[in-house]
Amino acid sequence: MKKVEAVIKPFKLDEVREALSDIGINGLTVTEVKGFGRQKGHTELYRGAEYVVDFLPKVKIEVILPDDLVDRAIDTIVATARTGKIGDGKIFVTAVEQVVRIRTGETNEQAI
């Protein structure tokens with residue numbers, strides 16, 4: 001099993017969720033996050049005062065998948081979240097040793 005974490009632009013969330021659902025991924029966790037990479041933030045004007053926005057709003061999608069779905073999920077996220085502009089995001093894949101469904105006690109692939 002693998003954990004796939006994707007940090008994407010917020011306006012792409014619904015499109016990515018629908019695309020993942022289309023390939024059979026139904027459960028995921030979404031968190032509103034802030035950060036920066038090569039974008040380095042930007043300057044904004046508010047009531048005549050200029051200020052720097054260092055951290056840009058992003059959305060982090062987390063999903064636990066069996067190994068055979070990981071590549072399809074990554075390809076789907078990349079194809080759906082890509083705008084071609086800086087700040088499109090990143091995908092991280094890590095190994096998951098164990099999953100337990102609290103309600104039933106099911107473990108590992110039966111729990112996802």
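Colleague: Which residue in S6 stands opposite isoleucine 8?

Modeller: Glycine 89. Keep in mind that this is a predicted model. Isoleucine 8 itself belongs to strand S1, residues 2-8.

Colleague: Why does isoleucine 8 count as buried?

Modeller: Its relative accessibility is 2%. Buried means under 20%. The value is below that cut-off, so isoleucine 8 is buried.

Colleague: What is isoleucine 8 in contact with, leaving aside its neighbours within four places in sequence?

Modeller: The partners are Leu13, Val16, Lys58, Val59, Ile61, Ala81 and Asp88. A contact needs heavy atoms within 4.5 Å. There is also a distance across the sequence to note. Valine 78 is 70 residues from isoleucine 8 in sequence, yet their C-alpha atoms are 9.6 Å apart in space.

Colleague: How do you know that S1 and S6 pair?

Modeller: Two strands pair if there are at least two bridges between them. S1 and S6 have seven, in the antiparallel sense. The count meets the cut-off, so the strands pair.

Colleague: How many bridges join S1 to S5?

Modeller: Seven, and these two strands also run antiparallel. One facing couple is valine 7 and lysine 60, with the lysine in S5.

Colleague: What makes S2 and S5 a pair?

Modeller: Seven bridges again, against a requirement of at least two. Strand S2 covers residues 29-35 and runs antiparallel to S5. Here valine 33 stands opposite lysine 58 of S5.

Colleague: Why is strand S5 called mostly covered?

Modeller: Strand S5 spans residues 56-65, and seven of those ten residues are buried. Each of the seven is therefore under 20% relative accessible area.

Colleague: Where is the place of leucine 65?

Modeller: In strand S5.

Colleague: Is leucine 65 buried or exposed?

Modeller: Buried. The relative accessible area is 3%, and the limit for buried is under 20%. Setting aside residues up to four places away in sequence, leucine 65 touches Met1, Lys2, Val4, Ile25, Val70, Ala73 and Ile112.

Colleague: Why does arginine 82 count as exposed?

Modeller: Exposed means over 50% relative accessible area. Arginine 82 has 56%, so it passes. Arginine 82 sits in the loop between helix H2 (67-81) and S6.

Colleague: What is arginine 82 in contact with, leaving aside its neighbours within four places in sequence?

Modeller: Lys12, Ile77 and Asp88. Lysine 9 is 73 residues away along the chain, with a C-alpha separation of 9.2 Å from arginine 82.

Colleague: Why is asparagine 108 called partly exposed?

Modeller: Its relative accessible area is 28%.

Colleague: What is the phi of asparagine 108?

Modeller: Positive, about 50°, although the residue is not a glycine. Most residues other than glycine have a negative phi.

Colleague: Which pattern does the protein follow, read along the sequence?

Modeller: β-α-β-β-β-β-α-β. That amounts to two helices and six strands.

Colleague: What makes the protein more spread out than a compact globule?

Modeller: The radius of gyration is 17 Å. For 112 residues the globule rule gives 13 Å. The value is well over the rule, so the protein is more spread out than a compact globule. Along the principal axes, the C-alpha atoms fill a box of roughly 55 × 30 × 20 Å.

Colleague: How many of the 112 residues, in %, count as buried?

Modeller: 32%. The protein exposes about 7700 Å², and carbon and sulfur atoms supply 49% of that area.

Colleague: What share of the contacts with a separation of 6 or more is between residues 24 or more positions apart?

Modeller: 71%.

Colleague: How many positive and negative side chains has the protein?

Modeller: 17 positive and 18 negative. The centres of the two sets lie 5 Å apart.

Definitions and conventions
Residues are numbered from 1 along each chain as its sequence is written. This is a predicted model: local features need pLDDT of at least 70, side-chain atom pairs count only at pLDDT 80 or more; totals for chains, interfaces and linings use all residues. Side-chain values use heavy atoms; hydrogens and water are left out. Helices (H or I, at least four residues) and strands (E, at least two) are DSSP runs, numbered from the N terminus. Buried means under 20% relative accessible area, exposed over 50%, partly exposed in between (1.4 Å probe, protein chains only). The radius of gyration is taken over C-alpha atoms; the globule rule is 2.2 Å times the number of residues to the power 0.38. Accessible areas come from the Shrake-Rupley method with a 1.4 Å probe; for residues, only the protein chains shown count as cover. Lys and Arg count as positive and Asp and Glu as negative; His and the chain ends are not counted. The place of a charge is taken as NZ of Lys, CZ of Arg, CG of Asp or CD of Glu.
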